[in-house]
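Try each task before reading its solution.

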Amino acid sequence: MANALKRHYGNPVSGEYFWPRPQITLPLVRALCAGESIKLFGLRRTGKSSIMLYVEAELKKAGRRPVYVDVQGNDRIDQLCSRL
């Protein structure tokens with residue numbers, strides 16, 4: 001079946017493994033292109049990183065230069081700022 005979701009466990013997905021969710025991704029792309037900031041929260045393994053990669057690709061297509069900052073493991077703001 002061509003339109004079936006392919007299961008994938010592990011790292012974020014893209015390409016044929018990514019299941020488009022325009023109701024989530026379009027508002028994110030619009031907000032970021034308008035100069036707004038967003039926060040993406042959710043339970044583990046629900047597709048946040050995959051959504052982020054898709055949005056990043058869409059922003060690049062729109063001529064933007066997205067920057068990804070992984071703050072996991074930084075429990076103090078001064079540590080995070082010094083690493084940036």
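Helices here are DSSP runs of H or I with at least four residues, numbered from the N terminus. With that in hand, note that this is a predicted model.

**Exercise 1.** Find the residue just after α1 that takes a positive phi.

*Solution.* Go to the end of α1, which covers 22–33. Just past this helix, G35 has a positive phi of about 90°.

**Exercise 2.** Work out how the buried residues of α1 are arranged around its axis.

*Solution.* First list them: T25, L28, V29 and A31 are buried. These residues cover an arc of only 165° around the axis, which means that they sit on the same side of α1. As a reminder, an α-helix has 3.6 residues a turn, so residues three or four places apart point the same way. Then look at what the buried residues of α1 pack against: α2. Finally, turn to the face directed away from the buried side, where Q23 and R30 are exposed.

**Exercise 3.** Describe the lining of the largest pocket.

*Solution.* Begin with the volume, about 1,500 Å³. The lining has 42 residues, with L40, K48, S49, S50 and M52 nearest the pocket's centre. Sorted by class, 23 are nonpolar, ten polar and nine charged. Last, assign the elements: α2 gives the largest share, seven residues.

Terms used
Residues numbered from 1 in each chain as written. Predicted model: local features only at pLDDT ≥ 70, side-chain atom pairs only at ≥ 80, totals over all residues. Heavy atoms only, no water. 1 Å grid on protein atoms, 1.4 Å probe; cavity = no way out; pocket = protein on both sides within 12 Å on 5 of 7 lines; lining within 4 Å. Points joined across faces, edges and corners; volume = space filled by probe spheres on them. Helix = DSSP H or I, 4+ residues; strand = E, 2+ residues; numbered from the N terminus. Nonpolar A, V, L, I, M, F, W, Y, C, P; charged D, E, K, R; others polar. Buried < 20%, exposed > 50% of the residue type's maximum accessible area, 1.4 Å probe, protein only. Arc of directions from axis to C-beta. Contact = heavy atoms within 4.5 Å.
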